[in-house]
Amino acid sequence: MPQGKYLPEGMLLETERNRRTLADREGLRQAMKEGTIVEALASSSGADRGLMVDLNGLEGIIPREETAVGIVSGRTREVAVMTRVGRPVCFKVIGESEHGFTLSRRAAQREATEYLMHHLCPGDIMRCSVTRLERFGAFVDMGCGLPSLIGLENISASRIHHPRERFYPGQYIRAAVSEIDRDDARVTLTHKELLGTWEQNASRFEPGQTIVGVVRGVEEYGIFVELTPNLTGLAEPREGLSPGDCVSVFIKSILPDRMKIKLTVIDKLARRGPGYISDADYLFEGDRIGRWQYSPTCCKVKSIYTDFI
């Protein structure tokens, strides 16, 4: 992963080096001298919209203009800073006073941006943390609080209606770099390619099994049931089901040449279906992906793929 030391906010907080830096005034002075990126909890936001940071009894102040890249120009919204209260923030130490230190989150973000724009390529796999969910996609922190978006259509190959069916705020995930706008310093990410191909997911099952799935769509012609985050089968129409219901299903057939799995709903279960991505759902384990061919090579119906190079 080409992130180097520029990790999503929160991942640096409990490291040994970070704890040593925050231990006393001398550690923070050394961080200022070396330009080290440090993390601590933002304790409050003042009327001037700056951030107060807990430095183990010392006062840490991030002035408004230093809270984020783009905050002065308006490119970054004030709420993006206010929502950091109670959460870890990264910063560089840029000044010292009698009571504490002046800090700059913007300086850390500018350094991270320069590094990522120089090193990132399409297909690189990044560690991210989910920061906000909207109907159209999930916003994530790709390092030092720098935002990126995973569009709804790029979260999974299986049909979902909202990112909350996969992620929750604060969750650490992996994502692949889809596009890079170096002029505007923007990165677009995708997630579904890391959850495996149709064949990889279908190989977990065989005809004759009865398994648990989640209803993702209800149509006149049938019920779409998610078997894994990147695999959905179709069952015959049945009344009384709605998206999110957990059901037991019988696998009638698996047809790679048509990229279809035929199911029969056995019963509606008395719990909501699981939704969040877990480590076990990631079937791609490398640091970089070149081409992702979701559809089986024998499929005669359609070809679904992503080229990163």
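Reader: By class, what residues does the lining of the largest cavity have?

Author: The lining has 5 nonpolar and 2 charged residues, and no polar ones. Here nonpolar covers Ala, Val, Leu, Ile, Met, Phe, Trp, Tyr, Cys and Pro, charged covers Asp, Glu, Lys and Arg, and the others, Gly among them, are polar. The model is a predicted one, in which local features need pLDDT of at least 70 and side-chain atom pairs count only at pLDDT 80 or more, while totals for chains, interfaces and linings use all residues. Residues are numbered from 1 along each chain as its sequence is written, and side-chain values use heavy atoms, with hydrogens and water left out.

Reader: Which residues line that largest cavity?

Author: They are Lys5, Leu7, Leu12, Ile37, Glu39, Cys90 and Cys144. A cavity is a set of points, on a 1 Å grid over the protein atoms alone, where a 1.4 Å probe fits but cannot get out; a pocket is an open set with protein on both sides within 12 Å along at least five of seven lines, and lining residues have an atom within 4 Å of a point.

Reader: How much space lies in the largest cavity?

Author: About 40 Å³, and the structure holds 1 cavity of 30 Å³ or more. A volume is the space filled by probe spheres set on the grid points, which are joined across faces, edges and corners.

Reader: On to the pockets. How much space lies in the largest pocket?

Author: The largest pocket holds about 1,200 Å³. It has 44 lining residues, and Ala80, Gly145, Leu146, Pro147 and Ser148 lie nearest its centre. Two or more lining residues come from each of helix H3 (78-82), helix H4 (105-119) and strands S6 (125-134), S7 (137-141), S8 (147-151) and S10 (186-190). Helices (H or I, at least four residues) and strands (E, at least two) are DSSP runs numbered from the N terminus. By class, this lining has 19 nonpolar, 13 polar and 12 charged residues.

Reader: And which residues are closest to the centre of the second largest pocket?

Author: That pocket, of about 640 Å³, has Phe224, Thr232, Met259, Lys260 and Lys302 closest to its centre, out of 28 lining residues. Strand S13 (231-235) gives the most to the lining, with 5 residues, and strand S15 (260-272) also supplies at least two. The lining divides into 14 nonpolar, 5 polar and 9 charged residues.

Reader: Met259 interests me. What is its phi near?

Author: Phi of Met259 is near 50°, a positive value in a residue other than glycine. Met259 sits in the loop between strand S14 (245-255) and S15. Met259 counts as buried because its relative accessibility is 13%; buried means under 20% relative accessible area, exposed over 50%, and partly exposed in between, with a 1.4 Å probe and protein chains only. Ala185 also has a positive phi, near 55°, but at 32% relative accessibility Ala185 is partly exposed.

Reader: Changing topic: how many residues has the largest nonpolar core?

Author: It has 55, and Leu189 and Leu227 have the most contacts inside it. S6 gives the most to this core, with 5 residues. A nonpolar core is a set of buried Ala, Val, Leu, Ile, Met, Phe, Trp, Tyr and Cys residues joined through side-chain atoms within 4.5 Å. A second, separate core has 18 residues, including Val53, Ile62, Phe91 and Phe101.

Reader: Finally, which residues are buried in helix H2?

Author: In H2 (residues 25-34), Gly27, Leu28 and Ala31 are buried. Seen down the axis, these buried residues fall within an arc of 95°, so they line one face of H2. The arc is that of the directions from the helix axis to the C-beta atoms.

Reader: What covers the buried residues of H2?

Author: The cover includes helix H1 (16-22) and strands S1 (38-45), S2 (51-55), S3 (58-62), S4 (88-96) and S5 (100-104).

Key
Contact means heavy atoms within 4.5 Å.
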